[in-house]
Amino acid sequence: MNNRRNRDEDGSPQSSEDKKEKKSNESYDALRQPSDILGYRDRSTRGGQTGSPSGMFARRENFNREQPYPQRRPSGGQRRTAGARPQARPQEGKKKKARKIFVPAGTKIVSDLQITDGNFRAVTLEAALVPNISVTPRAVRETALKLLAKKIPGKRVLDLSAGCGIYTMEAISRGALIGSAVEKSARMCASIKKNFAKCEVKEGHGEVFEEELAPFLKRMVKRKRKWDVILLHPPFDSDYEDLFRFIGPGALLGKGGIIMIQHHPDRTFPEFIGALKRVKVVTEGSFGLSFFAKKS
């Protein structure tokens with residue numbers, strides 16, 4: 001029995017010194033393999049692979065290669081490919097605001113005080129009875145605004161000698177960004193404000209200036225304010241030359257702007273007025289319409 005204990009695996013006898021040396025070698029090997037002490041497995045014994053680094057770092061390397069961290073899915077439960085933009089979730093219960101209808105569809109236009117087209121079509125405006133101030137017939141307005149159809153939507157429109165604001169309301173109805181009405185009559189300015197309220201035109205979308213034309217134009221030139229479309233339709237006996245001193249240089253016109261002058265059909269204007277060039281002349285009934293643009 002003792003002889004068996006004192007023999008090595010190969011059957012050779014083992015002395016006490018050999019036992020001490022073997023024990024010390026086992027302790028030294030244990031210190032060299034911290035993975036065994038800390039509970040990590042050697043990669044060389046996993047999956048039949050040999051010759052790989054062993055210990056804690058081998059376990060970490062093995063984990064990163066064979067078991068990568070799962071990637072997070074995009075919200076909404078939908079998989080997304082690289083470079084694709086996330087789709088917005090549909091918002092339930094949110095509906096597009098319907099456009100308010102002021103007059104039933106199919107309403108006929110029978111009065112010169114009715115708006116001819118746009119969001120406020122067929123709405124009848126209010127107009128105070130003031131001497132020497134009349135409303136431009138609807139046929140004339142339709143002709144003028146048809147020629148300006150591409151110039152008005154999203155643009156700034158200035159209505160000079162606005163009267164009850166019929167041209168201003170026509171422009172806003174057709175999608176003008178700002179409608180500015182200039183009128184010297186206090187009663188007519190009150191009518192314009194009532195028409196704004198009737199069609200729910202908000203402040204900043206429509207504005208009223210109770211002022212004479214010449215002082216107003218002079219003040220706007222100093223302020224360097226500009227409009228895209230200017231509609232000038234004063235009484236036929238007005239002094240146009242005085243107004244051309246401020247309009248002619250084109251300081252009030254924005255880029256690509258145009259001016260329409262409504263006048264008596266027998267009256268003619270020169271081809272060039274300052275920096276403006278006449279581009280079109282139209283006659284509609286007892287009215288003449290002259291269009292001017294900046295020289296290119």
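The largest pocket has a volume of about 640 Å³. Of the 28 residues that line the largest pocket, Ser161, His233, Pro234, Pro235 and Ser238 are the closest to its centre. This is a predicted model, so local features need pLDDT of at least 70 and side-chain atom pairs count only at pLDDT 80 or more, while totals for chains, interfaces and linings use all residues. Residues are numbered from 1 along each chain as its sequence is written, and side-chain values use heavy atoms, with hydrogens and water left out.

**Overall make-up**

- The protein has nine helices and eight strands. Helices (H or I, at least four residues) and strands (E, at least two) are DSSP runs, numbered from the N terminus.
- Of the 296 residues in the protein, 34% are buried. Buried means under 20% relative accessible area, exposed over 50%, and partly exposed in between (1.4 Å probe, protein chains only).
- Among contacts with a separation of 6 or more, 57% join residues 24 or more positions apart. A contact means heavy atoms within 4.5 Å.

**Largest pocket**

- A pocket is an open set of points on a 1 Å grid over the protein atoms alone, with protein on both sides within 12 Å along at least five of seven lines; lining residues have an atom within 4 Å of a point.
- Grid points are joined across faces, edges and corners, and a volume is the space filled by probe spheres set on the points.
- Strand E2 (178-183), helix H8 (213-223) and helix H9 (240-247) each supply at least two residues of the lining of the largest pocket. H8 gives the most, with three residues.
- The lining of the largest pocket has 13 nonpolar, eight polar and seven charged residues. Ala, Val, Leu, Ile, Met, Phe, Trp, Tyr, Cys and Pro count as nonpolar, Asp, Glu, Lys and Arg as charged, and the others, Gly among them, as polar.

**Pro234 and Ser161**

- Pro234 sits in the loop between strand E4 (227-232) and H9. Pro234 is buried, at 6% relative accessible area.
- Neighbours within four places in sequence aside, Pro234 is in contact with Ser161, Tyr240 and Gln262.
- Pro234 and Ile133 are 101 residues apart along the chain, and their C-alpha atoms are separated by 8.8 Å.
- Ser161 lies in the loop between strand E1 (156-160) and H6. Ser161 is buried too, with a relative accessible area of 15%.
- Phi of Ser161 is positive, near 60°, in a residue other than glycine. Most residues other than glycine have a negative phi.

**Cavities**

- The whole structure holds two cavities of 30 Å³ or more. A cavity is a set of grid points where a 1.4 Å probe fits but cannot get out.
- The largest cavity has about 40 Å³ of space.
- Its lining consists of Ile133, Ser134, Val135, Thr136, Ala162, Gly163, Cys164, Ile166, Met188 and His233.
- By class, the lining of the largest cavity has six nonpolar, four polar and no charged residues.

**Helix H6 and the cysteines**

- Helix H6 (residues 166-173) is largely enclosed by the rest of the structure, because eight of its eight residues are buried.
- The buried residues of H6 include Tyr167, Met169 and Glu170.
- Gly175 follows H6 and has a positive phi, near 105°.
- Cys164 is buried at 3% relative accessibility. Cys199 is also buried, with a relative accessible area of 2%.
- The structure holds zero disulfides. A disulfide is a pair of cysteine sulfur atoms within 2.5 Å.

- Ser290 belongs to strand E8 (residues 287-294). Ser290 is buried, with a relative accessible area of 2%.
- The side chains of Ser290 and His263 are joined by a polar contact of 2.7 Å. A polar contact is a pair of N or O atoms within 3.5 Å; within protein, one must be able to donate a hydrogen and the other to accept it, and residues adjacent in sequence count only if both atoms are side-chain atoms.
- Not counting residues up to four places away in sequence, Ser290 touches Ile259, Met260, Ile261, His263, Phe269, Lys280 and Val281.
- Ala122 is in the loop between helix H4 (56-66) and helix H5 (138-147).
- Ala122 is buried at 4% relative accessibility. Phi of Ala122 is positive, near 75°.
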